[in-house]
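Thanks for making the time this morning.

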Amino acid sequence: LALIGVVIYLVLKKKKKGYFFSPPVVLPAHVRAIRELDKLKVEKIWQQGREKEFYSKLTDILRSYIYEREGINAMEMTSGEILNEIRKVSDVDSVFDNLKQILSTADLVKFAKYKPYSDENDLSMVNAYFFVNQTREPDPVTEEDKNGKKVMNETSENEVDKRQ
């Protein structure tokens, strides 16, 4: 009976706090995309002659990221449609150019049996990292207020660089 009483007490105590277990940690879209790109980079499947698989995985990572970040249903769109939507939401030309290079090379490899040079594969990986880093949400920055408590503020990346 004492054990049941302790369990009931703990359940009621946890219920007041909101969760019985800690909620799952949801990582930002850019962090998940970078991790997936890192996994793909470590696999080096393009060096084993599996370029089609490499570009399929690379474009799937980017399409998922675009869906999570911008709300564009990129998984169901052609490369041209994705580029048109990215052009609408991004003011920076390099974002568009990086994505265009990746998607056009991927389309050639997947549908025209194109064999890219190793430099093109490396360039696609680098451009994928650039695309994710250029379009990610700015990280929240902590500042101490007058009382010494940390306060979360969202600032642009330029302001973060100035502080460091």
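**Salt bridges and a buried helix face**

K88 forms a salt bridge with E85, and their closest N and O atoms are 3.3 Å apart. Please keep in mind, as I go on, that this is a predicted model. Both K88 and E85 belong to helix α4, where they sit three residues apart, about one turn of the helix.

How many salt bridges does a search of the whole structure find? The search finds nine. Another of them joins the side chains of K39 and E36, at 3.5 Å from N to O, and these two residues both lie in helix α2, again three residues apart.

The salt bridge between E68 and R32, at 2.0 Å from N to O, links distant parts of the chain, since E68 is in helix α3 and R32 is in helix α2, 36 residues apart. E68 is partly exposed, with a relative accessible area of 41%, and R32 also counts as partly exposed, at 30%.

Let me return to helix α4, which spans residues 79-89, and in which S79, I82, L83 and I86 are buried. Because these residues cover an arc of only 100° around the axis, they lie on the same side of α4. The buried residues of α4 pack against α3, α5 and α6.

Note on methods. Residues numbered from 1 in each chain as written. Predicted model: local features only at pLDDT ≥ 70, side-chain atom pairs only at ≥ 80, totals over all residues. Heavy atoms only, no water. Buried < 20%, exposed > 50% of the residue type's maximum accessible area, 1.4 Å probe, protein only. Helix = DSSP H or I, 4+ residues; strand = E, 2+ residues; numbered from the N terminus. Arc of directions from axis to C-beta. Contact = heavy atoms within 4.5 Å. Salt bridge = Lys/Arg side-chain N within 4 Å of Asp/Glu carboxyl O.
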